[in-house]
Amino acid sequence: MISKTPKFEAAINEILKELKPHIKNCKQCGANFDVFPEDIEFYKKFLVPTPTLCPDCRTQRRFGYRITFLPIFYKRNCNVFGHTEKIISFYSQENKIKVYDDEYYFSDKWDAMEFGIDYDFSKPFFEQFYDLNMSVPHQSLFHDPKSINCDYVIGGVSAKNCYYVGIPYLSENIYYAATATFSRDCVDVNEADGCEQCYEGVYTLRCYNCKFCYWSSNCIDSAFLYNCRNCSHCFGCVNLWNKEYYFFNQRLTKEEYERKIKEINFGKRSVLNRYKKIFKEMVKAAINKNVNNIKTENSLGDTLNNCKNCFYSFRTIGKSGDNENLRYYIYGDRVSHSMDMFGAANTSYSYESTGFASANNMKFSMTIRNGLEMEYCMECNNCEHCFGCVGLKNKKYCIFNKQYLADEYWRLVDDIKSTMLKSGEYGEFFPLTDSPLNYSDSNASLYFPASKEEILKNNWHFEEEKENIIDLSQFTVLKSIEVPDDISDVSDDILKSAIVCEETGKPFLITSFELEFYREHNLPLPTVHPLQRIKNRFLLMRPFRLWQYPCSKCGEMMYSSLDPAKKLNVYCERCYREEVV
């Protein structure tokens with residue numbers, strides 16, 4: 001097969017031909033990291049040089065270009081000429097990036113090709129791309145056009161009736177959540193997969209009518225569970241598998257259990273808080289499994305489901321065999337043969353990218369829906385064979401938003417990639433210094449927190465915290481102590497009130513959907529702001545990294561996503577099964 005980029009391929013093959021496993025020094029944090037033989041196989045497959053950053057810093061860089069974990073919303077002007085309305089966006093009014101309202105953005109009234117520029121070989125690629133990215137208008141919240149009634153939602157795929165959610169994936173009626181997949185009718189959940197009628201949970205899989213459940217799967221009609229599987233009618237339990245009618249890990253008869261549950265008024269905040277404290281102490285003393293993987297084959301990582309041949313990867317969903325041959329991968333459904341990726345569905349043969357829905361043979365790109373053989377592109381839909389483009393729809397053979405004939409396109413791409421390889425730019429994701437996102441709002445802030453001084457020192461995007469966007473003149477303002485303790489004492493007038501968060505002092509509203517949900521499930525009104533509740537649940541999440549240390553029981557070395565500095569009771573797979581099952 002004749003090469004489309006012969007000069008570039010000759011140069012990169014010369015670099016890769018003698019490449020051996022070795023240890024590199026990260027140019028950002030200074031840590032040493034391994035380049036394994038399996039990594040080299042991928043580099044040769046993708047025709048890319050070895051990365052200059054360690055896996056953690058590579059993840060931080062991709063996270064710094066995405067706001068998906070935290071639903072951050074600002075009111076700002078729409079940049080369409082003649083439009084005077086305010087729109088909701090995760091870009092603030094002070095941010096210099098251009099933003100169009102969704103209706104106009106997805107219409108045929110404008111074309112991102114209008115902003116096309118010629119490539120200038122005398123300037124660095126990233127410098128030119130930054131200028132293009134700042135000139136092309138962007139979508140306000142990366143909405144999926146197939147989603148319905150999801151105005152206060154960031155990203156997602158085919159969601160319906162969701163509110164204040166980051167990345168609802170094929171989900172419906174989800175409120176105040178981060179990453180809900182195949183779920184419906186849930187409130188205050190992080191990482192709910194295949195769940196229904198659930199409240200306040202972290203990493204729950206296929207659960208129904210569960211409250212305050214964490215790292216549990218296939219559970220029904222239960223509350224306050226930690227590391228439980230296949231349990232029903234259980235309350236205040238840790239490390240239970242295949243059990244029913246357990247109360248604080250003690251077996252009861254059906255009648256005894258129902259009598260105890262009936263005595264507990266979940267709808268009273270003071271009562272619920274008392275059980276929260278008791279359960280918290282149980283969790284502290286609980287045995288922890290080193291990693292939480294289900295149906296994995298030849299894989300190293302955490303919270304992997306139905307995958308094989310995955311290395312240092314985290315959070316995969318889907319059916320058996322749908323996720324395979326992944327390295328340094330985070331969040332995916334039906335993803336294969338990809339490396340250094342964050343967030344993708346129905347994607348294969350992609351490298352150092354983030355935010356794909358149906359993509360193949362992609363490199364160094366982000367927020368692409370239906371893409372084929374693209375490099376260094378952002379926010380493009382239904383495009384193929386594009387290089388360094390922003391905001392295109394239904395295009396092919398474009399460079400910096402300019403159209404070319406196929407032969408001309410490949411000749412120019414060959415020259416650009418060869419020049420970038422020589423200068424050291426090719427093979428790198430977009431610099432974190434060029435991200436238009438406020439670092440404190442981005443995904444990076446959760447897993448790689450940085451102070452204002454650190455952000456400014458690194459020349460990352462920084463914005464001071466903004467005032468709330470609620471017009472309080474329209475509402476009765478209630479302090480947390482003024483909110484009724486019992487849900488039975490709450491009238492519909494609460495919908496006309498703004499509650500001042502007891503942790504942050506920020507006001508928030510109660511919606512009619514959640515009020516109905518609280519009443520139906522006999523739960524008290526929250527007194528903490530929705531965004532802060534999501535942040536608090538992230539403190540319970542396991543990080544996207546692994547440590548190697550001895551099992552707390554047998555002493556054998558194992559990998560775990562639990563930080564050894566926390567000095568938790570962590571068991572390897574064998575010891576955990578012996579103790580728990």
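How many of the nine residues of helix H3 are buried? Eight of the nine are, so to speak, under cover: helix H3 (residues 55-63) is mostly covered. Buried means under 20% relative accessible area, exposed over 50%, and partly exposed in between, with a 1.4 Å probe and protein chains only.

## The model

This is a predicted model, in which local features need pLDDT of at least 70, side-chain atom pairs count only at pLDDT 80 or more, and totals for chains, interfaces and linings use all residues. Residues are numbered from 1 along each chain as its sequence is written, and side-chain values use heavy atoms, leaving out hydrogens and water.

## Overall build

The protein has 13 helices and 31 strands. Both are DSSP runs numbered from the N terminus: helices are H or I with at least four residues, strands are E with at least two. The radius of gyration is 25 Å, close to the 25 Å of the globule rule for 581 residues, so the protein is as compact as a globular protein of that length. That radius is taken over C-alpha atoms, and the rule is 2.2 Å times the number of residues to the power 0.38. The C-alpha trace spans about 75 × 65 × 40 Å along its principal axes.

Buried residues make up 58% of the 581.

## Helix H3

The buried residues of H3 include Pro55, Cys57 and Phe63. Arg58, Arg61 and Arg62 are also among them. The buried residues pack against strand E2 (32-35), strand E21 (323-363) and helix H9 (444-447). Contact here means heavy atoms within 4.5 Å.

## A ten-stranded sheet

Ten strands form an open sheet with mixed pairing. The order is E7-E8-E9-E10-E11-E12-E13-E14-E15-E16. Strand E7 (153-154) and strand E16 (250-251) stand at the edges, each with a single partner strand, so one side of each has no neighbour in the sheet. Two strands pair if DSSP finds at least two bridges between them.

Strand E9 (residues 172-181) and strand E10 (residues 184-193) run parallel, joined by seven bridges. Tyr175 stands opposite Val187 in E10.

Most residues other than glycine have a negative phi. Tyr245 has a positive phi of about 60°. Tyr245 lies in strand E15 (residues 244-247) and is buried, with a relative accessible area of 10%.

Glu379 also has a positive phi, of about 50°. Glu379 sits in strand E23 (residues 378-387). Glu379 is buried too, at a relative accessible area of 5%.
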